[in-house]
Amino acid sequence: MEQFRALLTASYGRHYLAQKVADDGSHFGELIQVSTPAKQHVGAVGDLMLLESTSLNQARIIRIEERRNLLYRSDAFKSKLIASNVDQILVVLATQPAFSPDLLGRAVVAAEAHDIGLHIVLNKCDLTPSLATARKLVEPYARMGYPVTEVSAKFDPVSMASMQSALCGKVSVLVGQSGMGKSSLLNAWVPNAAALTQEYSVRLDTGKHTTTACRYFDLPEWGRDTQGRLGALIDSPGFQEFGLAHLSVSELQHAFREFKDLLGHCRFHNCAHQSEPDCAIREAVDKQQITPERLNLFRQLHSDSKTADTQIQGITQAKERWSTSPTKPSKKL
Ligand SMILES: Nc1nc2c(ncn2[C@@H]2O[C@H](COP(=O)(O)OP(=O)(O)OP(=O)(O)O)[C@@H](O)[C@H]2O)c(=O)[nH]1
Ligand SMILES: [Mg+2]
Ligand SMILES: [Zn+2]
């Protein structure tokens, strides 16, 4: 049977669609239904794979190529893959409905921990009465140096065009709560996205549940960078929780950008920044160099991570099942 390289372009549970990949890295042709018979290959949108044809437009996974990175959510018991091999996360927030600052914080930590770029997109800026509140929640992140762009996917094409240069040549994944406008942004930037979304859902047989699928869309020609690389957008379903139980305490500390210069300055080398004496992080909070919300988020993630440690056996096993070659060495026990 014919074997070929392919890009995983849509996933819905364990159902995947893929397209063939040409030598120049572009993907083309009919959507191929991909089966994962032995459950050993758990794929994510963005994965490059070696497939073997089983029948017309159907194939099975031989192997998944090593990933540059893998973005996923997890609690102590289960994990959900979002996307792999991405250059940046676009965290989509809206003026209305109000977004959760906790989820924003977690998305930022995920980006840092997985070494993925991050861009905060504040959407629905046409709804001016809620704008000031939203800006205030985003402001600490702007101060930490994360790029923030204000847009209106539906009513301000100029704002949408202003973000295009940040998307050129990059694979960006849209993440955020339901109703923030991820799919609206996608549709504004990628004119044929609606048609392709329809095709994906027919081929995935998702019925009405299209928003539970992750899907890959090439940008139009403006999305090509100077090296000729075409950028892409991955649309993901909205979520209400962003568990990061898989991150170790050390990974967590380094994922808080404003903690970095202070690490190693607490009296105890394993300081959890709770109530230990001479804690450099708490002192920075007192001096208003770090916001109390960020320290609270760290503490919450720290305690989730400890919860995860008791479940570590199951998690590492699951990790090994997912990827033929993990992007990161397994967490030290
Ligand atoms: N006023 C206003 N409404 C918008 C804007 N962008 C999106 N919306 C509306 O917000 C609602 C949610 O938009 P979606 O794009 O479906 O949101 P989503 O983030 O993809 O949601 P999920 O797929 O459920 O995760 C829709 O009713 C949109 O019409 C905007 O710029 N301004
Ligand atoms: Mg959507
Ligand atoms: Zn400390």
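Analyst: Start with a strand pair: β4 and β5 run antiparallel and share six bridges. Strands pair if DSSP finds at least two bridges between them. Strands themselves are DSSP runs of E, at least two residues; helices are runs of H or I, at least four residues, and both are numbered from the N terminus. Leu 51 has Ile 61 in β5 as its bridge partner. The two strands make a hairpin with two residues between them, and Asn 57 in the turn has a positive phi of about 55°.

User: Before going on, what kind of model is this, and how are residues and chains labelled?

Analyst: This is a predicted model; local features need pLDDT of at least 70, side-chain atom pairs count only at pLDDT 80 or more, and totals for chains, interfaces and linings use all residues. Residues are numbered from 1 along each chain as its sequence is written, while chains are lettered from A and ligands numbered from 1 in the order in which they are written.

User: What pLDDT does the protein average?

Analyst: pLDDT is the predictor's confidence in each residue, from 0 to 100. The average here is 89, and 89% of the residues score at least 70. Residues 309–333 fall below 50; beyond near neighbours in sequence, that stretch has 25 contacts in the model. Two residues are in contact if their C-beta atoms, placed from the backbone, lie within 7 Å.

User: Which strands does β3 join?

Analyst: Strand β3 (residues 27–35) is antiparallel to β2 (residues 15–21), with five bridges. Lys 20 has Phe 28 in β3 as its bridge partner. These two strands form a hairpin with five residues between them, and Gly 25 in the turn has a positive phi of about 95°. β3 also runs parallel to β5 (residues 58–64), over three bridges. There, Val 34 stands opposite Ala 59.

User: And which strand pairs with β1?

Analyst: β1 (residues 3–12) pairs with β4 (residues 48–55), antiparallel, over five bridges. Leu 7 stands opposite Leu 48.

User: How many residues are in the largest nonpolar core?

Analyst: A nonpolar core is a set of buried Ala, Val, Leu, Ile, Met, Phe, Trp, Tyr and Cys residues joined through C-beta atoms within 7 Å. The largest one has 84 residues; Ile 89, Val 91 and Ile 234 are among those with the most contacts inside it. Helix α1 (residues 101–113) gives the largest share of this core, seven residues.

User: Last, which residues are closest to ligand 1?

Analyst: A residue is near a molecule if its C-beta atom, placed from the backbone, lies within 6 Å of it. Ligand 1 is surrounded by 19 residues, and the closest are Ser 178, Gly 181, Ser 183, Ser 184 and Gly 238. Helix α4 (residues 182–189) supplies the largest share of the shell, three residues. That helix is mostly covered, with six of its eight residues buried.

Key: Buried ≥ 20, exposed ≤ 12 C-beta atoms within 10 Å, placed from the backbone.
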